[in-house]
Amino acid sequence: LQDLAASLDPWIASIMDCSKAEAVYLAAMKRSKDREFQARCAFMAAKCEQNAFYLNRPPEFKGDFRAGAWFRSLRDSYADTRYFKEIVRECGYFRTFVTEK
């Protein structure tokens with residue numbers, strides 16, 4: 001994936017762009033009063049944010065993933081939700097992020 005963005009045809013890159021989906025998740029999160037739903041929206045926004053990183057990853061980046069603002073938001077604001085616990089069980093990247101010292 002490291003050289004993916006450089007090798008993509010602009011049309012293909014536009015298909016892989018999740019920025020509109022991220023905006024919708026964030027709008028839904030903002031409008032909801034349900035913290036479980038907000039946590040789900042934050043996780044989906046995190047996935048979009050991660051996709052954007054993969055499409056534009058700097059060649060010198062050596063890790064498997066980079067935790068962005070929405071992983072931090074999930075950890076800092078939604079750790080008391082059931083969905084947070086589910087994400088920790090199901091997503092290795094998130095589990096690594098929340099258990100790192």
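This is a predicted model: local features need pLDDT of at least 70, side-chain atom pairs count only at pLDDT 80 or more; totals for chains, interfaces and linings use all residues.
Reader: How many disulfides does the structure contain?

Author: A disulfide is a covalent bond between the sulfur atoms of two cysteines. The test here is a pair of cysteine sulfur atoms within 2.5 Å. Searching the whole structure gives zero disulfides.

Reader: Now the overall fold. How many helices and strands are there in the protein chain?

Author: Helices (H or I, at least four residues) and strands (E, at least two) are read as DSSP runs and numbered from the N terminus. The protein chain has seven helices and zero strands, giving the pattern α-α-α-α-α-α-α along the sequence. Its C-alpha atoms fill a box of roughly 40 × 35 × 20 Å along the principal axes. Of the 101 residues, 36% count as buried.

Reader: Which residues touch the most other members of the largest nonpolar core?

Author: A nonpolar core is a set of buried Ala, Val, Leu, Ile, Met, Phe, Trp, Tyr and Cys residues joined through side-chain atoms within 4.5 Å. The largest one here has 21 residues, and Phe43, Phe71, Leu74, Ile87 and Phe94 touch the most other members. At least two residues of this core come from each of helix H4 (35-55), helix H5 (69-77), helix H6 (82-90) and helix H7 (92-99). The biggest share, eight residues, is given by H4.

Reader: What does Phe43 touch, not counting residues up to four places away in sequence?

Author: Contact means heavy atoms within 4.5 Å. On that test, and with those sequence neighbours left out, Phe43 touches Phe71, Leu74, Tyr83, Ile87 and Cys91. Gln38 is buried because its relative accessible area is 12%. Leaving aside neighbours within four places in sequence, Gln38 is in contact with Met29, Ser32, Lys33 and Tyr78.

Reader: And charged pairs: how many salt bridges does the count come to?

Author: Look for a side-chain nitrogen of Lys or Arg within 4 Å of a carboxyl oxygen of Asp or Glu. The count comes to two salt bridges. One joins the side chains of Arg35 and Asp80, at 2.6 Å from N to O. That pair links distant parts of the chain, since Arg35 is in helix H4 and Asp80 is in the loop between H5 and H6, 45 residues apart. Arg35 is partly exposed at 34% relative accessible area, whereas Asp80 is exposed at 54%. In the other salt bridge, the side chains of Asp76 and Arg75 meet at 2.8 Å, N to O. Asp76 counts as exposed at 53% relative accessibility, and Arg75 as partly exposed at 31%.

Reader: What about Arg72: which helix does Arg72 lie in?

Author: Arg72 lies in helix H5 and is partly exposed, with a relative accessible area of 36%. Setting aside neighbours within four places in sequence, Arg72 is in contact with Ala67 and Phe97. Its C-alpha atom is separated by 17 Å from that of Phe37, 35 residues apart along the chain.

Key: Residues are numbered from 1 along each chain as its sequence is written. Side-chain values use heavy atoms; hydrogens and water are left out. Buried means under 20% relative accessible area, exposed over 50%, partly exposed in between (1.4 Å probe, protein chains only).
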